[in-house]
Amino acid sequence: MVMIRPEVAMYAAFARLNYRPWYALAEFVDNSLQSGLANYRELARLHGGDYRVVVEIDVSEDCIEIRDNAAGIAEPDYDRAFLPACPPPDTSGLSEFGLGMKAAASWFGRKWSVRTSAIEEAQESTITFDIPLIVDTHCESLQPTVRSVEPNAHYTTIKIYDLNVRPRGRTIGKIKEHLSSIYRLFLRDGILELRFNGEPLSYELPTLLEVPFYATPEQPPVVWRKDINLDLGDGHRITGWAGLLARASVANAGFAVFRRRRLILGSPGEGYRPESIFGPSNKFIYQRLIGELAVEGFSVSHTKDGLQWDDWEEDILHWLKIELDSSPLPLLQQADNYRARATVAKDVLIEAARDTSASIAQHLPPLITDQLSRQPSQAPPPPMLECPATGQARREEVSLALEHAHRTWRVAIELVNDGTREDWYEVAERLESGGETRVHIRVNLGHPFMVRFVSPQGDEVVPFTRLAAALAISELTAREIGVRQAGTIRMNLNQILRGALSGPIQGGEIHIAE
């Protein structure tokens, strides 16, 4: 018989835990890993030194199954393993509270079973939990089903059904992403092989920044990564590394905090970003600083998604901030002041031009009607724009035909990346044979204003292109109703943007996110 006391009602209460699916599944992976690591020498001997822990998770509409090739649960350990809140004798590993498997399985489903065979035990035991029945009957013991197997068989299979929680859709993708991140260190060194619905999981770190220090751009580039080693005393220690992302990213930035090589804080999209170091979300540091930190001497929550810092956190963050910004690699200074040049990918440029063109086609006609109803134009617009410089200048152009006011307007949005050109935006308009009006709007990504404020991923290209198009069309419609020297605003704007508004942000009250 397997004892499951002290209070069987606890199993029903597990369904109300504040789990997320990836943390619940991680409880099973923790047990498998710990079993494999604790018995690694014997397992390696059985497999000729070529052993790794393999955990396979299969999720379907009506069942969740977790299989491993670890050491299995030995028969003398059954009572402890299936009794709620009964910690293992050794709590220095990944299994320390005696709650994980029972709580996670009961959270996922109302019925679940464990089929296991331990090393050197020539038997397989299956224990089945029917939570509603156990609670209703106040059952305090379960009878395993036993069958004979090979003495060297070792595995555990957990099946959960009659589900309370059915992972599906986007949650499946999040589970894979989070599990890959949580166990990245074990995956990286080959100790663990983790599969989800047959797909091997892996984790790749984002590329780190490799440029000169912002204040000495003439110097050779360096990789912005440094090791961290803080000995806090009393058995408390923080080690690891910190660096800067080559491509600023709110989703990827932040610290990943590990305990016993397992991620506790900082899963994808949830990076640990204390404001005393990272600042608010519109700061450049918030989008570039990244790192992997291992902590020693601190406890975790029973769901292993939070650290118990006690009274240490404020001091830790103070010391860590000093270390991050120390010479010769002051990460915080570099993150706050470095600006990447606007070498935006071609597909982003095309999308920006198409987006602006589509907006013109959808929203411009009523505005033109309003402008043209005032007065006829007296001054002709510039007939055409000169060709941009060749060489390194990049050009992307999207055009559309627009029928309005008994005229055909052919509007071309052109994006160039040409640092030799003076103007941020240019515009031309001419009447073609057949009555078609051609409008040509050019936006220069190589202008100092764009270099200063467009990030490498190009998120700002669309709004800047829309703004330039709006200014250009405002000038043309102003000419149509007889406004003289309407181009003066464009010329002055280009000059002001280049000469006065492309430099560093002054003062300390306004921050523009990269």
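Start with the salt bridges: the count in this predicted model comes to 25. The rule is a side-chain nitrogen of Lys or Arg within 4 Å of a carboxyl oxygen of Asp or Glu. Side chains of opposite charge can pair when their charged atoms come close.

Before you select anything, note that residues are numbered from 1 along each chain as its sequence is written. In this predicted model, local features need pLDDT of at least 70 and side-chain atom pairs count only at pLDDT 80 or more, while totals for chains, interfaces and linings use all residues; side-chain values use heavy atoms, with hydrogens and water left out.

**Stop 1: Asp30 and Arg262**

Select aspartate 30 and arginine 262. Their side chains meet in a salt bridge, 3.1 Å from N to O. Aspartate 30 sits in helix H2 (residues 21-38) and arginine 262 in strand E16 (residues 262-265), so the pair links distant parts of the chain, 232 residues apart. Helices (H or I, at least four residues) and strands (E, at least two) are DSSP runs, numbered from the N terminus. Aspartate 30 is buried, at 0% relative accessibility. Arginine 262 is buried too, at 1%. Buried means under 20% relative accessible area, exposed over 50%, and partly exposed in between (1.4 Å probe, protein chains only).

**Stop 2: Arg442 and Glu414**

Go to arginine 442 and glutamate 414. This salt bridge has its closest N and O atoms 2.9 Å apart. Arginine 442 belongs to strand E23 (residues 436-444) and glutamate 414 to strand E21 (residues 407-417), so the bridge ties together parts 28 residues apart in sequence. Arginine 442 is buried, with a relative accessible area of 1%. Glutamate 414 is buried at 0%.

**Stop 3: Glu42 and Arg45**

Now pick glutamate 42 and arginine 45. Their closest N and O atoms are 2.2 Å apart, in a salt bridge. Both lie in helix H3 (residues 40-46); they are three residues apart, which means a separation of about one helical turn. Glutamate 42 is partly exposed, at 24%. Arginine 45 is exposed, at 52%.

**Stop 4: a network**

Select Arg52, Glu56, Asp58, Glu65, Arg67, Glu193 and Arg195 together. Salt bridges link these residues in a network.

**Stop 5: a negative patch**

Finish on the surface. Asp310, Asp311, Glu314 and Asp315 gather there in a patch of negative charge. Patch residues have over 30% relative accessible area and no salt bridge, with like charges joined within 9 Å. Aspartate 315 lies in helix H11 (residues 313-324). Its relative accessibility is 39%, so aspartate 315 counts as partly exposed.

Conventions:
Patches are made of residues with over 30% relative accessible area and no salt bridge: like charges are joined within 9 Å, nonpolar side chains (Val, Leu, Ile, Met, Phe, Trp, Tyr) within 5 Å. Accessible areas come from the Shrake-Rupley method with a 1.4 Å probe; for residues, only the protein chains shown count as cover. Lys and Arg count as positive and Asp and Glu as negative; His and the chain ends are not counted. The place of a charge is taken as NZ of Lys, CZ of Arg, CG of Asp or CD of Glu.
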